[in-house]
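This report describes selected local features of one protein chain. Please look at the sequence and the structure first, then read the sections in order.

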Amino acid sequence: MEKDPHQLIEGCAICCYAVGANTCYIYIRGEHTFAAGVLERALRDAYESGVLGTSVLGSGFRLDVTVHRGAGAYICGEETGMLESLEGKRGQPRVKPPFPAVVGAFGCPTVINNVETLCNVPHIVERGADWFRSIGTDERNTGPKLYAVSGHVERPGTYEFAIGIPFHELLDACGGMYRGRALKAFIPGGASA
């Protein structure tokens, strides 16, 4: 969102076109003010250039995209909690069914995706499914993955690699353990040991 916001906007536009949605909300936690500002500037650019608005790229398809800054509650990561927050209510999960695809935001059918997934969409459309499947460690784990690394490593941050890379490769990319200290434990979030 901070370095290539148009990638996300393009992914949102493709997704909305595919499902016939004319309204899109990008929900972002309120404390991420820099990323929200970057996104809002990119949205202005997209409207000015005709990528969004009353006729996306002259196609006759209308799409409006809004950045919605949420209160930042962890529970808003759950899809129905996020919908409640988006509607101005306390961010608490809804009882399912009905599922968001049937009754979602403001009582309308709603598709919910994460930013990482939506950012892959333009690349898949441009390069094809075979290209996407070629990234990964085996046929069950395909595509790129963002790994957030924190703690006592030399270079904490977010790294993009093929999904399913061994943990030691990810640790090497981070420069290893801080000041050469020994690894005591880690919580895997997609990397394999």
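## Surroundings of Glu87

Leaving aside its neighbours within four places in sequence, Glu87 touches Arg94, Gly104, Ala105, Phe106 and Gly107, where contact means heavy atoms within 4.5 Å. The model is predicted: local features need pLDDT of at least 70, side-chain atom pairs count only at pLDDT 80 or more, and totals for chains, interfaces and linings use all residues. Residues are numbered from 1 along each chain as its sequence is written, and side-chain values use heavy atoms, with hydrogens and water left out.

Glu87 sits in the loop between helix 3 (79-86) and helix 4 (115-127). Helices (H or I, at least four residues) and strands (E, at least two) are DSSP runs, numbered from the N terminus. The side chain of Glu87 makes a polar contact with the side chain of Arg94, at 2.7 Å. A polar contact is a pair of N or O atoms within 3.5 Å; within protein, one must be able to donate a hydrogen and the other to accept it, and residues adjacent in sequence count only if both atoms are side-chain atoms. Is Glu87 buried or exposed? Glu87 is buried, because its relative accessible area is 18% and buried means under 20%, exposed over 50% and partly exposed in between (1.4 Å probe, protein chains only).

A cis peptide bond joins Lys96 to Pro97, with omega about -5°. Another cis peptide bond joins Pro97 to Pro98, with omega about 5°. Most residues other than glycine have a negative phi, and most peptide bonds are trans.

## Positive phi values

Leu57 has a phi near 50°, a positive value in a residue other than glycine. Leu57 belongs to the loop between helix 2 and strand 2, and Leu57 is exposed, with a relative accessible area of 65%.

Arg179, which is also not glycine, has a positive phi near 50°. Arg179 is placed in the segment after helix 6 (167-173) and counts as exposed at 63% relative accessible area.

Helix 2 has 16 residues, so at 1.5 Å a residue it should span 22 Å; its end C-alpha atoms are 23 Å apart, which agrees. The expected span is 1.5 Å times one less than the number of residues. Ala35, Ala36, Gly37, Val38, Leu39, Ala42, Leu43 and Ala46 are the buried residues of helix 2. Their cover includes helix 1, strand 1 (23-29) and strand 2. Just after helix 2, Gly50 has a positive phi of about 85°.

Helix 4 has 13 residues, so it should span 18 Å at 1.5 Å a residue; the end C-alpha atoms are 19 Å apart, which agrees. At the N-terminal end, Asn114 caps helix 4, with a side-chain oxygen 3.2 Å from the backbone nitrogen of Glu116. Leu118, Cys119, Asn120 and Pro122 are buried in helix 4. The buried residues of helix 4 pack against helix 1, helix 5 (129-134) and strand 5 (144-149).

## Aromatic pairs

Rings of Phe, Tyr and Trp (its six-membered ring) pair if their centres lie within 6.5 Å; planes under 30 degrees apart count as stacked, over 60 as edge-to-face and the rest as tilted. By this rule there are four aromatic pairs. One of them is Tyr17 with Phe61, which is edge-to-face at 5.2 Å centre to centre and 85° between the planes. This pair links distant parts of the chain, 44 residues apart: Tyr17 is in helix 1 (residues 5-19), and Phe61 is in the loop between helix 2 (33-48) and strand 2 (64-70). Tyr17 is exposed at 56% relative accessibility, whereas Phe61 is buried at 13%.

## Cysteines

A disulfide is a pair of cysteine sulfur atoms within 2.5 Å. How many disulfides does this rule give? The count is zero. Cys24 is in no disulfide, and the nearest cysteine sulfur, that of Cys12, is 3.9 Å away. Cys24 is buried at 9% relative accessibility. Cys108 is in no disulfide either; its nearest cysteine sulfur, that of Cys16, is 13 Å away. Cys108 is partly exposed, with a relative accessible area of 43%.
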